[in-house]
Amino acid sequence: MTFATLVSFFLTLSHSLTLQSDIEALQALKLSVDPNMIPPSSYLTTWDFSIDPCDNIGPKFLGILCSSPSNNSKSRITTLELDGAGYDGFLPPRIGTLTELTSLDLSRNRFRGPLPDALKNLNKLTRLSLSGNFFTGGIWTWIYRLKKVERIDLKDSQHICITKAPDIGP
């Protein structure tokens with residue numbers, strides 16, 4: 001990385017409109033995806049962290065919508081909807097820091113592994129779509145905390161347990 005690139009990166013961070021923890025959550029998500037499984041024309045190729053995710057015009061940070069605060073507060077990520085490009089990776093726990101998220105759509109990809117318990121922090125979530133992925137585990141430990149959820153799509157996600165497993169006695 002050149003000196004000019006580093007300076008540009010730090011200037012972007014110091015003048016960022018987007019809350020730093022939201023930027024870090026997006027970075028963690030992109031890093032959790034196998035780079036060999038990111039097609040050239042996909043949304044993730046537009047995520048260029050040398051610019052602010054919420055201060056962009058044009059084809060940058062596709063799949064991301066931000067709030068427009070009326071006071072001096074930072075912008076927040078409110079929508080994260082990835083294209084169904086077949087991304088192969090894991091959902092990082094840092095996703096739980098996107099506390100203003102109202103819509104999370106990771107459908108038609110190849111995410112796998114356990115769903116992080118940090119999803120319970122997404123209290124404003126109204127729409128959750130995880131269909132067509134390979135997540136494992138259950139959502140029953142945290143889904144009840146998401147009081148605003150109106151729609152959950154788990155179609156073709158056979159390895160997600162929706163209800164608590166029954167206790168089996170001796």
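Which residues does Phe134 touch, not counting residues up to four places away in sequence? The close-ups below take that up, along with a cysteine pair.

This is a predicted model, where local features need pLDDT of at least 70, side-chain atom pairs count only at pLDDT 80 or more, and totals for chains, interfaces and linings use all residues. Residues are numbered from 1 along each chain as its sequence is written, and side-chain values use heavy atoms, with hydrogens and water left out.

**View 1. Phe134 and what it touches.** Leaving aside residues up to four places away in sequence, Phe134 touches Asn109, Arg110, Phe111, Arg112 and Gly113 (contact means heavy atoms within 4.5 Å). Phe134 sits in strand E7, residues 134-138 (helices, H or I, of at least four residues and strands, E, of at least two are DSSP runs, numbered from the N terminus).

**View 2. Phe134: accessibility and a distance.** With 43% relative accessibility, Phe134 counts as partly exposed (buried is under 20% relative accessible area, exposed over 50%, partly exposed in between, using a 1.4 Å probe and protein chains only). Between the C-alpha atoms of Phe134 and Leu115 there are 10.0 Å, the two being 19 residues apart along the chain.

**View 3. The Cys54 to Cys66 disulfide.** Here Cys54 is joined to Cys66, S to S 2.0 Å (a disulfide is a pair of cysteine sulfur atoms within 2.5 Å). Cys54 lies in the loop between helix H2 (20-31) and strand E1 (64-66), and Cys66 in strand E1, so the pair ties together parts twelve residues apart in sequence. The S-S torsion is about -80 degrees, so this disulfide is left-handed.

**View 4. The two cysteines and their accessibility.** Cys54 counts as buried at 18% relative accessibility, whereas Cys66, at 25%, counts as partly exposed.
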